[in-house]
Amino acid sequence: MALGTGYEAQPCHLARALEVIGERWTMLILRDLFYGVRHFSDLLEHLDVSRGVLTERLDTLVAAGVVTRRKVGRTVEYELTPAGEELWPTLFGLIRWGRRHLDADFPARIFAHATCGTDLEESGLCPRCGIVPTVRDLDSRPGDGPNPRRRDDPVAVALRDRHRMLTPVP
């Protein structure tokens, strides 16, 4: 019996979610959108993904209502919708899991509560304020230490400094 190519026959909400966010590259596209990357060309260069795959993944996210696509002057911008922003805890959890369980030769990105400047705990809690801030109230910055995988594309350069999540990268 041949394996299926999708989850649409599965009566499961996780399967339905994976139809939208489970393809290779999709979570990295979402990560970059959370960082404030809005232009196709910046996503393309920062991710080193093929133009066709990026187009397909963005089309899926737009069709599912996770991302909006809008024309701004002569360019097109992509931005997370409120439904897309709800994916932040999942993405944050995967980032933390990867840091704890997978060998990495680069420093972890640090997320801080922008209101008070305090770094988040592993759970996402701000220890100073006693809350789990929304992604709109987070800053991110690279962790300390050498990064042998350091990149020099415009997005990577912009993210070398503290940056408010969802704010467009310069």
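Thr-81 is buried in this predicted model, with a relative accessible area of 11%, a value that falls under the 20% limit for burial. Thr-81 belongs to the loop that joins strand S2 (75–80) to helix H5 (82–85). When its neighbours within four places in sequence are set aside, Thr-81 is in contact with Gly-65, Val-66, Val-67 and Thr-68.

With a relative accessibility of 64%, Arg-24 counts as exposed.

| Residue | Relative accessible area | Class |
|---|---|---|
| Thr-81 | 11% | buried |
| Arg-24 | 64% | exposed |
| Trp-88 | 5% | buried |
| Phe-111 | 1% | buried |

Aromatic pairs in the model number four. In one of them, the ring centres of Trp-88 and Phe-111 lie 5.3 Å apart with the planes at 65 degrees, so the pair is edge-to-face. This pair links distant parts of the chain, since Trp-88 lies in helix H6 (residues 88–101) and Phe-111 in strand S3 (residues 110–113), 23 residues apart. Both partners are buried, Trp-88 at 5% relative accessibility and Phe-111 at 1%. Through ring pairs, Trp-88 and Phe-111 join Phe-34 and Phe-92 in a cluster.

A further arrangement involves a charge and a ring: Arg-109 lies over the face of Tyr-35, 5.1 Å from the ring centre.

Definitions and conventions
Residues are numbered from 1 along each chain as its sequence is written. This is a predicted model: local features need pLDDT of at least 70, side-chain atom pairs count only at pLDDT 80 or more; totals for chains, interfaces and linings use all residues. Side-chain values use heavy atoms; hydrogens and water are left out. Helices (H or I, at least four residues) and strands (E, at least two) are DSSP runs, numbered from the N terminus. Buried means under 20% relative accessible area, exposed over 50%, partly exposed in between (1.4 Å probe, protein chains only). Contact means heavy atoms within 4.5 Å. Rings of Phe, Tyr and Trp (its six-membered ring) pair if their centres lie within 6.5 Å; planes under 30 degrees apart count as stacked, over 60 as edge-to-face and the rest as tilted. A charge sits over a ring if NZ of Lys or CZ of Arg is within 6 Å of the ring centre and within 35 degrees of the ring normal.
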